[in-house]
Amino acid sequence: MNFAEIEKDINTLAKKATAGTMSIDEMAGGTFTISNGGVYGSLLSMPIINPPQSAILGMHSIVQRPVGVGGSIVLRPMMYVALTYDHRLIDGREAVFFLRRIKDVVEDPRRLLLDI
C-alpha cells in the first residue's frame with residue numbers, strides 16, 4: 001500500500017474501534033504494532049511482542065529536555081521510542097537502521113512524504 005492507502009485504512013479502523021464495531025478478524029494476524037503510551041504520559045517503557053507479531057514500536061511522551069547544541073545547553077522537545085523485535089526474524093543492525101529512519105522522518109516529515 002502507498003502512504004495514502006495506509007492512512008485511509010487506519011482512519012477506517014480507528015472509526016470502527018471508536019464505535020466498538022471492529023471485528024476480531026480485523027484485530028488478528030498483525031505482524032507489527034505501534035503502541036502509543038505517550039498519550040497516557042509514559043516517558044519510557046519496553047513493549048512486549050504478542051505472537052505472531054515480529055516487532056512492536058513503543059512511542060512515548062514528548063517532553064522538554066536539556067540537550068547540548070553548539071556548546072550550549074538548550075531545551076528541546078524529546079521523545080523516546082523503543083523497538084522490541086524477534087531476533088529470529090529481524091537482525092539488530094536492521095532494527096537500528098529502522099529506528100534511525102523513524103528519527104529522521106519525525107524530525108523532518110518531508111523525508112517520509114517525499115521519500116528522501
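These are my notebook entries on what I looked up in one predicted model.

**Entry 1: the chain as a whole**

I began with the overall layout and counted four helices and three strands in the chain, which run in the pattern α-α-β-β-β-α-α when read along the sequence. Taken along the principal axes, the C-alpha atoms fill a box of roughly 55 × 35 × 30 Å. Of the 116 residues, 17% count as buried.

I then looked up the annotation, and noted that an unreviewed UniProt entry places "domain: 2-oxoacid dehydrogenase acyltransferase catalytic" over residues 1-114. Over residues 1-114 I find 36% helix and 30% strand, with the end C-alpha atoms 16 Å apart.

**Entry 2: helix 1 and the residue after it**

I checked the length of helix 1 against expectation: its 17 residues should span 24 Å at 1.5 Å a residue, and the end C-alpha atoms are 24 Å apart, so the two values agree. Just after helix 1 I came to Gly 20, which takes a positive phi of about 75°. For context, I note that most residues other than glycine have a negative phi.

**Entry 3: the largest pocket**

Which residues lie closest to the centre of the largest pocket? I first recorded its space, which is about 1100 Å³; of the 27 residues that line the pocket, those closest to the centre are Ile 6, Glu 7, Ile 10, Phe 32 and Ile 34.

I next asked which elements build the lining, and found that helix 1 (3-19), helix 2 (24-27), strand 1 (32-36), strand 2 (55-69) and helix 3 (92-107) each supply at least two residues. Helix 1 gives the most to this lining, with eight residues. By residue class, I recorded the lining of the largest pocket as 21 nonpolar, two polar and four charged.

**Entry 4: the second largest pocket**

I turned to the second largest pocket, which holds about 380 Å³ of space. Its lining includes Pro 77, Met 78, Met 79, Tyr 80 and Val 81, and also Leu 99, Arg 100, Ile 102 and Lys 103. The elements that give two or more residues to this lining are strand 3 (72-85) and helix 3. Helix 3 gives the most, with six residues. I sorted the lining of the second largest pocket into nine nonpolar residues, no polar ones and three charged ones.

**Entry 5: aromatic rings**

How many aromatic pairs does a search of the whole structure find? I found one, formed by Phe 32 and Phe 98 in an edge-to-face arrangement, with 5.8 Å from centre to centre and 80° between the planes. The pair links distant parts of the chain, since Phe 32 sits in strand 1 and Phe 98 in helix 3, 66 residues apart.

**Entry 6: the loop between strand 1 and strand 2**

I followed the loop between strand 1 and strand 2, where I located Gly 38. Gly 38 counts as buried because its relative accessibility is 17%, which is under the 20% cut-off.

I looked up Gly 30 in the loop between helix 2 and strand 1, where its relative accessibility of 26% makes it partly exposed. Gly 30 and Asn 50 are 20 residues apart in sequence, and their C-alpha atoms are 9.3 Å apart in space.

The C-alpha atoms of Ser 61 and Asn 36 are separated by 8.5 Å, although the two residues are 25 apart along the chain.

Technical notes:
Residues are numbered from 1 along each chain as its sequence is written. This is a predicted model: local features need pLDDT of at least 70, side-chain atom pairs count only at pLDDT 80 or more; totals for chains, interfaces and linings use all residues. Side-chain values use heavy atoms; hydrogens and water are left out. On a 1 Å grid over the protein atoms alone, a cavity is a set of points where a 1.4 Å probe fits but cannot get out, and a pocket is an open set with protein on both sides within 12 Å along at least five of seven lines; lining residues have an atom within 4 Å of a point. Grid points are joined across faces, edges and corners, and a volume is the space filled by probe spheres set on the points. Ala, Val, Leu, Ile, Met, Phe, Trp, Tyr, Cys and Pro count as nonpolar, Asp, Glu, Lys and Arg as charged, and the others, Gly among them, as polar. Rings of Phe, Tyr and Trp (its six-membered ring) pair if their centres lie within 6.5 Å; planes under 30 degrees apart count as stacked, over 60 as edge-to-face and the rest as tilted. The expected span of a helix is 1.5 Å times one less than its number of residues. UniProt positions are given in the numbering used here, feature names are shortened, and annotations may be inferred rather than shown by experiment. Buried means under 20% relative accessible area, exposed over 50%, partly exposed in between (1.4 Å probe, protein chains only).
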